[in-house]
Amino acid sequence: MAYSTAFPVGSPEEAYRNGDAALRSGDADRALFEYLRGLQMEDRPQADPLYRVGVIHHGRGNTDLAEKAYRWALDVDSRHAGAGTAMGVLMLEQRDFEQAEHYLTPIAARSNAPWQADNALGVIADIRGQHEQARRHYEKALQANPRIPRVLNNLGYSYYLVGDLDAARLQLRQAVNVNPRYELAWRNLGLVYARQGDYDTAIEAVARHGDRAEAYNDIGYISMLEGRFDQAMGFFEEAMRLSPAYYATAGENVESLNQLMRRNVSPATN
């Protein structure tokens with residue numbers, strides 16, 4: 001209804017061009033309107049606008065509508081790389097790893113595969129503990145563009161999972177250098193510094209775009225897992241001092257820590 005007075009278009013192609021322009025300008029509502037009215041003018045729907053409709057709904061969390069649009073696009077063109085990759089990513093988000101691989105694996109095998117396909121396959125491999133395979137996917141995703149923050153973050157976290165902290169720090173530093181506002185990469189970088197015993201830098205990294213009380217609580221938890229009980233207690237107490245909201249969370253961690261200290265057993269051997 002908001003666009004009921006919009007100027008008519010002479011062809012589906014004109015509507016799609018209008019939709020692309022609206023999407024570039026950040027007006028997703030207008031883009032969706034243009035793509036849909038273009039599709040209504042078609043004798044046979046086109047895969048590209050259907051894929052873009054899916055992307056808009058996916059970005060808004062309307063997963064059912066996004067999935068319908070992606071599937072429709074693939075019905076029109078079974079080799080559509082964008083729709084196939086997006087379906088794989090959607091299945092990954094729903095933790096249906098087999099279906100995600102069903103869509104992503106043949107696309108990743110292409111010479112011009114979207115980086116998102118290999119990135120998603122890397123995430124699945126890391127979840128399964130197949131870290132070397134995961135890193136191969138991330139490195140392939142970075143071949144076309146070595147400055148993709150999301151992939152650099154995932155590659156760094158993959159190194160973190162196997163304990164290669166120097167390599168993890170290198171990749172995560174690259175991620176935040178490309179995008180200084182990438183909160184997840186800063187948080188992961190903080191975990192690396194905490195594991196290396198550089199707690200001051202860890203706190204600054206985790207708190208860069210977040211809550212300092214949360215940062216102290218998180219670093220305290222890492223210290224507890226590492227068996228550094230005295231340091232962990234200090235971090236939990238500082239979290240509670242900084243924010244009453246962390247009394248419950250940090251308090252539970254303190255209680256767990258007290259039990260461990262009484263038993264004098266490291267969490268790693270529990």
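Helices are DSSP runs of H or I of at least four residues, numbered from the N terminus. By that definition, glycine 122 of this predicted model lies in helix α7.

Q: How many helices and strands does the secondary structure of the protein come to?
A: The model is a predicted one. Of its 270 residues, 45% count as buried. Its secondary structure comes to 15 helices and zero strands.

Q: Is glycine 122 buried or exposed?
A: Glycine 122 lies in helix α7. A residue is buried under 20% relative accessible area and exposed over 50%. The relative accessible area of glycine 122 is 0%, and therefore the residue is buried.

Q: Which residues does glycine 122 touch, not counting residues up to four places away in sequence?
A: Glycine 122 and arginine 135 are 13 residues apart in sequence, and their C-alpha atoms are 6.6 Å apart in space. With residues up to four places away in sequence left out, the residues that glycine 122 touches are Ala134, His137 and Tyr138.

Q: Are α9 and α10 roughly parallel or roughly antiparallel to each other?
A: Helix α9 (residues 149-161) packs against helix α10 (residues 165-178) with axes 7 Å apart and at an angle of about 165°. Angles over 145 degrees count as roughly antiparallel. The two helices, α9 and α10, are therefore roughly antiparallel.

Q: How many nonpolar, polar and charged residues does the contact of α9 with α10 have?
A: Among the residues making the contact are Leu152, Leu155 and Tyr159 of α9 and Leu165, Leu172 and Val178 of α10. Counted by class, the contact has twelve nonpolar, four polar and no charged residues.

Q: Which residues does serine 223 touch, not counting residues up to four places away in sequence?
A: Serine 223 is found in helix α13 (residues 212-225). This serine is buried, with a relative accessible area of 0%. Leaving out residues up to four places away in sequence, serine 223 touches Tyr199, Arg228, Ala232 and Phe235.

Technical notes
Residues are numbered from 1 along each chain as its sequence is written. This is a predicted model: local features need pLDDT of at least 70, side-chain atom pairs count only at pLDDT 80 or more; totals for chains, interfaces and linings use all residues. Side-chain values use heavy atoms; hydrogens and water are left out. Axes are lines fitted to C-alpha atoms, for helices over the stretch in contact, and angles run from 0 to 180 degrees between N-to-C directions. Angles under 35 degrees count as roughly parallel, over 145 as roughly antiparallel, 65 to 115 as roughly perpendicular and the rest as oblique. Contact means heavy atoms within 4.5 Å. Ala, Val, Leu, Ile, Met, Phe, Trp, Tyr, Cys and Pro count as nonpolar, Asp, Glu, Lys and Arg as charged, and the others, Gly among them, as polar. Buried means under 20% relative accessible area, exposed over 50%, partly exposed in between (1.4 Å probe, protein chains only).
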